[in-house]
Amino acid sequence: MRNRVMVVVATVSLVVGLWLTAMPAAAQAPAAGFPAYRAPRAADGHPDLNGIWQALTTANFDVQDHEARPGLHPELEGAYDAQHAGQGIVEGGAIPYRPEMLAKKKENFEKRAIANPPHGEEPPIGDPELKCWMPGVPRATYMPFPFQIVQTPDFILMTYEFNGTSRIIRMNWKEEAPVDSFMGWNRGHWEGETLVVDVTGFNDQTWFDRAGDFHSDALHVVERYTALSPYHLQYEATIEDPKVFTRPWKISLPLYRRVEKNVQVMEFKCVPFVEELLYGGLVKKAR
Amino acid sequence: MSHRSLTSLGVLAVMSLPAVLIAGQAQTTAAKPPATTPGAAKTASPAKTWTPPHTPWGDPDLQGVYNYATSTLMQRPRNVGDKQVLSEDEAAEVQEELAFALNRDRRDGGTQADANRAYNDFWMNPLRLKLTQDKRTSLIVDPPNGRMPPTVPATPEKQKERAVAAAMNARFNNGFMASYTDGDVGNRCIIRRRNEGGGHPYLPSIYNNVAQIFQSPGYVVIYAEMIHFSRIIPVDGRPHLSQDVKTWLGDPRGHWEGDTLVVETTNFRSDDSMGRPLGRTGVVWGGADPDTYKITERFTRVGPDQINYAVTMSDPHTWTQPITMLIPFNKTNDQIYEYGCQETNYDMYHWLSGARAREAKGEVFNPNAPGARAGGAEGGGGEQEER
């Protein structure tokens, strides 16, 4: 009983306190079918979110609703490379792009596999994932790879299997982002049952999916991690970027605990897989 | 540079320091200071009453951000004989000379030296100019002479591998990379070079000697900033991965011996995961054979602000005996930031396009030409050279 009261209180203070007022309390509601749940506590009294987690979604293909599509090279790879159909994770269905930004998304998609090497003089082309770049936030969360949460009172490490990307969430931290980055500047706090991570300081180099959905360096993401059961987290992210979108929008999806005996985040160092793609044209040709 | 002053000093007899220091690792109290030298008198570790903190679930608490830079050389200079620890005065002199030797703004070495000094003081952590607090003459504490043990004669196969690596080195060092595979693991942004401190063993390098340690029940995670390398170490007694799964970083398993975290790491890969040999620096330290290489690391918190890191490497195919180094991890208030590498690896583009441009002008690389540089690490650092 007491749990439920606390959740209600937290929700009210959230609605009052945050800029999110346009998108109220769904944030705290358990996903359909889940009764109210109070997570086991870490030593500091906050919910214990430690563990290895993974999304089961096709959002990395496209965060919006999408049908099955052929891969880039069906003549070589047949069904191997084909994309699954999937239901989107965007609340309300569509990303609220500024009309003039839709062309950029389309271009991104069309050129997603035309990768140029990092150059410094011309803008990068192609999906950052294809080039084994850090995937950004929130994309890292719903890529088809697990990640591990290592929770301490002052710092929470989230370390992702994809290219060993990591980010450090600084709890109750005041300092603003010192510099732009791929995984952003992550500051966290607890709101009752929920870990809230405020992410700023992004560069404009990451995408949301393989469909070319993108953002600018004005991106601001607020993530919420709430345990639904010992084996599920509800993940929500509110995405704000006035240069690209007409209003903030939200994604939500469950994360599943990996429970296999001795399961571990494996190593996926993808650089060797992309070097020929990036640099093959600069390799000395045999005479 | 340090030769001169060190040679002029008498050789002091000391007790067997390595034995003392290593014994200290396995105990719950701080390492005992070496007793007999003046230089060591002030190295006393924190008060004996200090008890290492523990996490709420009972593991020794190693957490924090640490810097393991030091100017103490890996190998003991030959001219100091068996002296293991410097006096205060000797140490001060060595540090002064180091400050001069490492001053990259000098212009007294000619063009090539200038180019090699491009990584100037900006890159250098101040700790890089300080000897270990106990003023040892080498990071190696075993073999007791502080030097690398004799190597095992290379097999014909290994000699062939080394010749291939030397050719890659020569192309790289002379600006004629044929392919990205002439880059080493660091140039290629896969992992940091083993001899540059970003991976186990954690060895001091010119810059970026920082790591943050996180702990949760059953895990210790060491996050080295450079090339963003989170090393997740299970400490829950689980077995290693199958030998069918080789990795760049190795598969670590930890356990506690008293207040010491002991980590053993296996499953190192011997190719670049595309079936090609790893030429220039290999994937494990010291050019060892990944299949027989063994690394055991011991982390002991000896005070509020210091972890003693004792690391032992062995490989019967490479060295005649194991090597143990002792390196202090010093707690710092600095933070760990994101380190992109692949994302902005402009170097690779420029190395390759530069080489192709030279070829287009008719230049041909001749490794035997006068002035061609055969090997060695490029300006970014590399293993501490012996001065």
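Visitor: Where in chain A does T226(A) lie?
Guide: Happy to start there, with two notes on the numbers. This is a predicted model, in which local features need pLDDT of at least 70 and side-chain atom pairs count only at pLDDT 80 or more, while totals for chains, interfaces and linings use all residues. Residues are numbered from 1 along each chain as its sequence is written, chains are lettered from A in the order in which they are written, and side-chain values use heavy atoms, leaving out hydrogens and water. With helices (H or I, at least four residues) and strands (E, at least two) taken as DSSP runs numbered from the N terminus, T226(A) belongs to strand β7, residues 220–229.

Visitor: Is T226(A) buried or exposed?
Guide: Buried means under 20% relative accessible area, exposed over 50%, and partly exposed in between, using a 1.4 Å probe and protein chains only. T226(A) has a relative accessible area of 10%, so T226(A) is buried.

Visitor: With which side chain does the side chain of T226(A) make a polar contact?
Guide: Counting contacts as heavy atoms within 4.5 Å and setting aside residues up to four places away in sequence, T226(A) touches E193(A), T194(A), H232(A), L233(A) and Q234(A). A polar contact is a pair of N or O atoms within 3.5 Å; within protein, one must be able to donate a hydrogen and the other to accept it, and residues adjacent in sequence count only if both atoms are side-chain atoms. At 2.8 Å, the side-chain partner is T194(A).

Visitor: What is the relative accessible area of V244(A)?
Guide: V244(A) sits in the loop between β8 (232–240) and β9 (249–257) of chain A. Leaving aside neighbours within four places in sequence, its contacts include P96(A), Y97(A), M101(A) and F214(A). V244(A) is buried, and its relative accessible area is 2%.

Visitor: Which residue of chain B forms a salt bridge with E275(A)?
Guide: A salt bridge is a side-chain nitrogen of Lys or Arg within 4 Å of a carboxyl oxygen of Asp or Glu. There are 3 salt bridges between chain A and chain B. For E275(A), the closest N and O atoms are 3.8 Å apart, and the partner is R276(B).

Visitor: Within what arc do the buried residues of α7(B) fall?
Guide: The buried residues of α7(B) are M348(B), Y349(B), L352(B), A355(B), R356(B) and E359(B). They line one face of the helix, because the directions from the helix axis to the C-beta atoms fall, for these residues, within an arc of 145°.
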